[in-house]
Amino acid sequence: MMNKEECTEKFFTWESLKSIIDNNIDFLKCDESSSLKLHDALLGITNQLNEARILYDEIESFCKKYDVDENIQANGYRSFLKIFDSAINHVFKILKYYTENRSKLFFRRNHYIKEIEACHQLLRALKASFKQLITLHLSSEEGNLFPTKEFTITDVFNQASEINQTAFYGRCFGFQFHDSIRNVLKFISIVMASYSESYYSDDGKFVKTSNSIYNSGRYYFDPEMLASRLVDLSQNASVDFCKNFWCLAESEIIHSIPFVNYSVKVNRLIKINSSTLRIPKMNSDGFIEIESPGVIQARLISSFKRVGMFGDKDKESSSVLPKSKEILFHCHGGGFVAQSSKSHLVYLLEWAAHLNIPIISIDYSLAPEFPFPRAANEIFYAYCWALQNCELLGSTCERIVLCGDSAGANLCLSTLVKSISMDIRKPDGIFIAYCPILVSFHPSPSRLLCLQDPLIPFGFMIRCLKAYTLQNNETEKCDINGTKSDNNNNKEHPFNENGIDLLISDIENDEVSGSSNKTDSFEEISCFECHQTDSDIKAHISQISTASDDTLQSLPTVTEKYKDTLEYDSPVDSIRSTISLEKDPFDEEERMISSNTINTMIPSTSETQYVDKLIGKNYTIEDTLRNYSHARKVSRTKSEENIIIDVSKETLCVRNIQRRFQFAASSFRRCFSSTFGGFTRNNHSIINSFEDDNRKLKTSSSPVEDFSFTVPKDPFLSPFYADDEILKEFPPIKILSLTLDSCLDDSVMFAKRLKSLNVNFTLDVLDKLPHGFLNFSRLSTEAHEGCKLSMLRIAELLDLKLDLATSFNNTNENTV
């Protein structure tokens with residue numbers, strides 16, 4: 001419970017707020033120009049405070065029953081109490097400023113009246129949330145954050161409909177977060193709203209780009225419009241939109257930002273072969289055969305080169321360190337549908353620099369193309385492969401620790417559960433951050449937080465859940481081992497004895513033939529396409545160790561020629577210099593399509609229609625070019641449509657260039673005139689255009705119909721369902737969660753189970769940070785402090801001494 005100082009401060013804030021409201025109401029009685037809206041908003045705030053105070057006290061009286069223990073006071077009920085306290089402070093700040101400046105000549109009176117009205121709506125939404133919390137409490141057993149009653153998706157939507165989501169995304173946006181992260185989240189939300197209009201628009205690419213830039217300004221200056229758009233996206237946007245938007249973190253622009261400045265000497269992609277592994281059992285004789293789920297891509301990161309590591313040619317050099325005793329096995333987050341190890345380099349590079357150990361991060365296959373259990377099988381296979389081939393990673397693997405955030409944390413837990421159940425070597429520790437441990441529809445208190453989450457709103461979370469847990473007719477079928485039903489292309493490239501894709505034949509072909517396009521075989525694959533197939537798309541070339549394969553020794557000139565692409569011999573001073581060696585796959589795709597070749601197959605009478613259809617959808621070139629050996633699958637994503645001039649499309653339709661530019665100019669002129677003309681017509685044109693865009697999102701079935709599906713109770717999908725006998729075998733586990741994270745209750749309930757089974761665990765709960773804060777560690781002081789705390793917990797699991805000063809010395813934690 002709160003100490004006396006906190007109770008006194010809270011009581012003082014509440015009473016001060018009531019005093020300011022009374023002062024303004026008295027002032028309005030004497031002011032002839034007083035606003036009726038302001039008067040009503042002030043009275044509404046007073047009423048909401050009085051009603052919410054009763055509910056607040058009731059929740060405060062029972063919330064302690066759901067804590068892990070007296071040392072870890074955290075759960076979804078407490079989170080909403082803290083949010084309400086933050087809301088009171090926000091309202092107090094707004095009203096105080098209004099009171100102090102209301103008589104000034106140039107005071108923006110109308111602006112702050114709208115701010116006060118927004119505060120009224122915010123308190124009303126929080127009061128509605130309190131009512132839902134009490135309902136959950138009454139339907140739950142004491143101490144169980146997950147109600148015993150079975151809930152359907154219809155029940156979840158009915159609860160969500162009681163709360164006005166727009167109150168959290170408008171003028172009061174981000175009030176519950178730290179100041180340093182609030183502006184970052186608002187910027188991301190504005191980009192999301194603006195990007196959505198381009199994504200769902202049928203205009204030309206030039207118009208899309210122009211509108212996207214202009215709409216960003218509209219959303220910045222019109223919070224109500226931003227709130228409406230974000231809520232509409234949450235309820236109606238497809239999983240493809242979520243996937244494409246989150247994959248913007250893969251862009252070169254993001255990774256060229258100079259604030260990421262941690263130096264590493266090894267940052268390369270590798271491709272693991274698809275062969276059956278034989279892993280020895282731990283408690284009995286014999287071996288376990290691990291079937292391959294397909295070719296897996298991974299990223300190896302290390303601050304120093306080590307003996308035996310990929311690309312270690314200078315074994316006698318003083319710059320090559322001995323093998324590390326430790327290794328960190330990482331899985332990235334992204335809701336099971338997006339992102340890769342590249343988008344998580346922001347903090348992985350820092351971890352590698354401070355921990356001074358190799359890190360291998362797995363780029364697992366993404367849903368909905370590859371639903372459960374594909375990703376879980378890939379992570380488990382990669383873990384087993386790392387155990388057998390640790391020398392290639394520059395480690396002896398005396399200690400191996402799993403770590404992951406969000407969806408990646410879930411996959412790490414799944415790997416741990418599977419390793420114990422199959423009696424193979426389990427990791428020496430595991431670190432998980434804001435992890436969804438129970439993948440289901442249980443509407444726990446913390447899961448109501450997704451109704452106000454700017455990064456993973458309610459609809460996004462449900463759609464990602466559906467994409468990962470279900471297979472549809474268009475999804476490639478996988479068996480229980482994750483092996484594709486038709487996967488005969490894995491022999492496309494040679495592999496060494498350790499299962500690493502060498503791609504030497506591709507280098508030899510380019511060298512001998514003198515091909516002008518020498519980057520096709522070792523370009524970096526973006527998250528848009530790297531998970532569509534396992535072998536149709538060629539992996540990135542990475543420097544391979546010469547210790548286990550003599551093929552590289554026979555190609556000294558080839559290795560030297562492709563030195564910049566194959567390896568990183570010099571230190572990488574920053575993330576920018578690291579990424580500068582990686583090619584944009586979309587550029588290469590467009591160069592590969594020969595206009596002369598394809599145009600011979602296109603009827604001249606329907607050239608434009610054919611190209612529009614071809615570019616607008618996923619297609620396989622080998623369907624049309626079966627006689628060409630370098631055919632591969634190309635995916636045309638929505639994010640590519642933001643390119644102003646599409647090289648491939650214009651190349652295919654040279655005769656239509658003039659007509660297309662005329663159409664683009666005409667469309668832009670209409671958009672420009674209608675937009676700016678709206679300022680003289682009370683913005684009617686803008687509003688109508690915006691409503692048209694919203695209607696485009698609502699043309700599909702209703703959310704309830706779209707989300708009518710069940711989630712299997714599988715311990716490899718939801719580790720919370722694992723048997724006690726499995727959990728008893730857990731190694732030390734470090735759990736990091738957040739007060740404002742919708743997965744908080746998962747961590748709290750899981751920690752309770754671990755405590756009852758005497759498992760060594762630590763639970764840290766950080767305040768006022770969003771889900772996925774590790775990716776913002778270089779943009780926010782508090783987020784960076786959380787990143788340092790994560791490193792400290794990982795160092796504890798690895799028995800490493802790490803001298804990092806952090807302000808989170810008094811976080812909620814407990815070790816059994």
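1. Which residues in α8 meet which residues in α9? Arg218, Tyr219 and Phe221 in α8 meet Pro223, Met225, Leu226 and Arg229 in α9. Contact here means heavy atoms within 4.5 Å. By class, this contact has 5 nonpolar, no polar and 2 charged residues.

2. This is a predicted model: local features need pLDDT of at least 70, side-chain atom pairs count only at pLDDT 80 or more, and totals for chains, interfaces and linings use all residues. Residues are numbered from 1 along each chain as its sequence is written, and side-chain values use heavy atoms, with hydrogens and water left out.

3. On geometry, helix α8 spans residues 205-221 and helix α9 residues 223-236. Their axes come within 5 Å and cross at roughly 110°. So α8 is roughly perpendicular to α9 (65 to 115 degrees). Helices are DSSP runs (H or I, at least four residues), numbered from the N terminus.

4. The largest nonpolar core has 175 residues. Such a core is a set of buried Ala, Val, Leu, Ile, Met, Phe, Trp, Tyr and Cys residues joined through side-chain atoms within 4.5 Å. Helix α4 (residues 109-138) gives the most to this core, with 14 residues. Phe130 is among the residues that touch the most other members. Beyond four places in sequence, Phe130 is in contact with Ala52, Leu55, Tyr56, Ile59, Phe80, Leu81 and Phe84.

5. Helix α12 (residues 345-355) is mostly covered, with 9 of its 11 residues buried (under 20% relative accessible area, 1.4 Å probe, protein chains only). Among them are Glu350 and Trp351. Asn356 follows α12, with a positive phi near 60°.

Methods:
Buried means under 20% relative accessible area, exposed over 50%, partly exposed in between (1.4 Å probe, protein chains only). Helices (H or I, at least four residues) and strands (E, at least two) are DSSP runs, numbered from the N terminus. Axes are lines fitted to C-alpha atoms, for helices over the stretch in contact, and angles run from 0 to 180 degrees between N-to-C directions. Angles under 35 degrees count as roughly parallel, over 145 as roughly antiparallel, 65 to 115 as roughly perpendicular and the rest as oblique. Ala, Val, Leu, Ile, Met, Phe, Trp, Tyr, Cys and Pro count as nonpolar, Asp, Glu, Lys and Arg as charged, and the others, Gly among them, as polar.
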